[in-house]
Amino acid sequence: MTETKQQSVLEQLGGFSGLIYSTLPILVFVPVNGVWGLGPAIWAALGVAASILVWRIIRRSPVQPAISGFFGVGISAFIAYRTGDAKGYFLFGIYTSLAYAAVFLGSILVRWPIVGIIWGFLNGHGNLWRRHRGAVRAYDVATGAWALVFGARYLVQSQLYDSDQTGWLAVARIAMGWPLAGLALLVTIWAVRRADRIVEPRPLEATDHPEAAEPTDHPEGAVMPTDDTEAGGPREDPRSS
């Protein structure tokens, strides 16, 4: 059950194809801006994001990642247009990373790690995991991994933004995107498996309790009848009559 749900989550995140699609608008935006300027770069990024969305609809792939990506590109493009600077395209992602880092870290501090909340909703356990200290610690680790990823993205990319390094911003955005998210996802998979083992202990097997493996229809203390004894008393020997 856990394996199936983890696979479903990965598919909703876009799968491995999503790793590629999420980088295409940036890969198009930066060189087009360098050659033709900001306006064409904005339209090129929006065109790529829209094409990815249409392609996923045609293939009947999960469209939620493409829809989120399209709106993200749209917001980034709008900020770049309003600021009149190509680096403004990355501003939305920078502050989004800061907000996520704060939320994930805060959830650990209040003892409600957000990975546990999300996974408890997905696997139907609800908040049952909070009764088990080991499960809470596992979710703390996973939530902390994501907080580190988002915090690192903000720190590095905000420095590049302040120093007007638009090209390096694109490199950092890609390098610190899915590669770091992949590492955090591995930690998350470890955490949810560990927590599920704690919250859902394996059923007791017959070998654990041998007395339960051989049920009897006779109440405790009853004497089983033998060849010489029945419920009505001792059997008479036919030769004695």
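Guide: A residue counts as buried under 20% relative accessible area, as exposed over 50%, and as partly exposed in between (1.4 Å probe, protein chains only). Arg-111, with a relative accessible area of 38%, is therefore partly exposed. The structure is a predicted model, in which local features need pLDDT of at least 70 and side-chain atom pairs count only at pLDDT 80 or more, while totals for chains, interfaces and linings use all residues. Residues are numbered from 1 along each chain as its sequence is written, and side-chain values use heavy atoms, with hydrogens and water left out.

Visitor: Where is Arg-111 placed, and what is the value of its phi?

Guide: Arg-111 belongs to the loop between helix 6 and helix 7. Its phi is near 65°, a positive value in a residue other than glycine. Asp-164, also not a glycine, has a positive phi of about 60°. Asp-164 is in the loop between helix 8 and helix 9 and is partly exposed, at a relative accessible area of 49%.

Visitor: How many helices and strands does the protein chain have?

Guide: Helices (H or I, at least four residues) and strands (E, at least two) are DSSP runs, numbered from the N terminus. The protein chain has eleven helices and two strands, and along the sequence their pattern is α-α-α-α-α-α-α-α-α-α-α-β-β. Of its 241 residues, 33% are buried.

Visitor: Which residues of helix 9 are buried, and why do they line one face of the helix?

Guide: An α-helix has 3.6 residues a turn, so residues three or four places apart point the same way. In helix 9 (residues 166–175), the buried residues are Thr-166, Leu-169, Ala-170 and Ala-172. They line one face because, seen down the helix axis, they fall within an arc of 165°, the arc being that of the directions from the axis to the C-beta atoms. Their cover includes helix 3 (24–36), helix 6 (91–109) and helix 8 (133–162). Helix 7 (residues 114–123) may be examined too: its buried residues are Ile-114, Val-115, Gly-116, Trp-119, Gly-120 and Asn-123.

Visitor: At what angle do the axes of helix 3 and helix 9 cross?

Guide: Two packed helices are described by the angle between their axes and the distance between the axes. Axes are lines fitted to C-alpha atoms, for helices over the stretch in contact, with angles from 0 to 180 degrees between N-to-C directions. The axes of helix 3 and helix 9 cross at roughly 170° and come within 10 Å. Helix 3 is therefore roughly antiparallel to helix 9, a term for angles over 145 degrees. In this contact (heavy atoms within 4.5 Å), Ile-26, Leu-27 and Val-30 of helix 3 meet Ala-170, Arg-173 and Ile-174 of helix 9. These residues divide into five nonpolar, no polar and one charged; Ala, Val, Leu, Ile, Met, Phe, Trp, Tyr, Cys and Pro count as nonpolar, Asp, Glu, Lys and Arg as charged, and the others as polar.

Visitor: How do the axes of helix 4 and helix 5 cross?

Guide: The axes of helix 4 and helix 5 come within 9 Å and cross at roughly 170°, so this pair is roughly antiparallel. Among the residues that make the contact are Leu-38, Ile-42 and Arg-56 of helix 4 and Ala-66, Phe-70 and Val-73 of helix 5. By class, the contact has 15 nonpolar, one polar and one charged residues.

Visitor: What does Ala-66 touch?

Guide: Neighbours within four places in sequence aside, Ala-66 is in contact with Ile-52, Leu-53 and Arg-56. Ala-66 is buried, at 7% relative accessibility. Its C-alpha atom is 8.3 Å from that of Tyr-21, 45 residues apart along the chain. Ser-76, also in helix 5 (residues 64–83), is buried at 2% and touches Gly-88, Tyr-89 and Phe-92, not counting residues up to four places away in sequence.

Visitor: Which residues touch the most other members of the largest nonpolar core?

Guide: A nonpolar core is a set of buried Ala, Val, Leu, Ile, Met, Phe, Trp, Tyr and Cys residues joined through side-chain atoms within 4.5 Å. In the largest core, of 23 residues, they are Phe-29, Leu-38, Ile-42, Val-73, Tyr-89, Phe-90 and Leu-169. The largest share of this core, six residues, comes from helix 4. Apart from it lies another core, of 22 residues, including Trp-146 and Val-199.

How values were computed
Angles under 35 degrees count as roughly parallel, over 145 as roughly antiparallel, 65 to 115 as roughly perpendicular and the rest as oblique.
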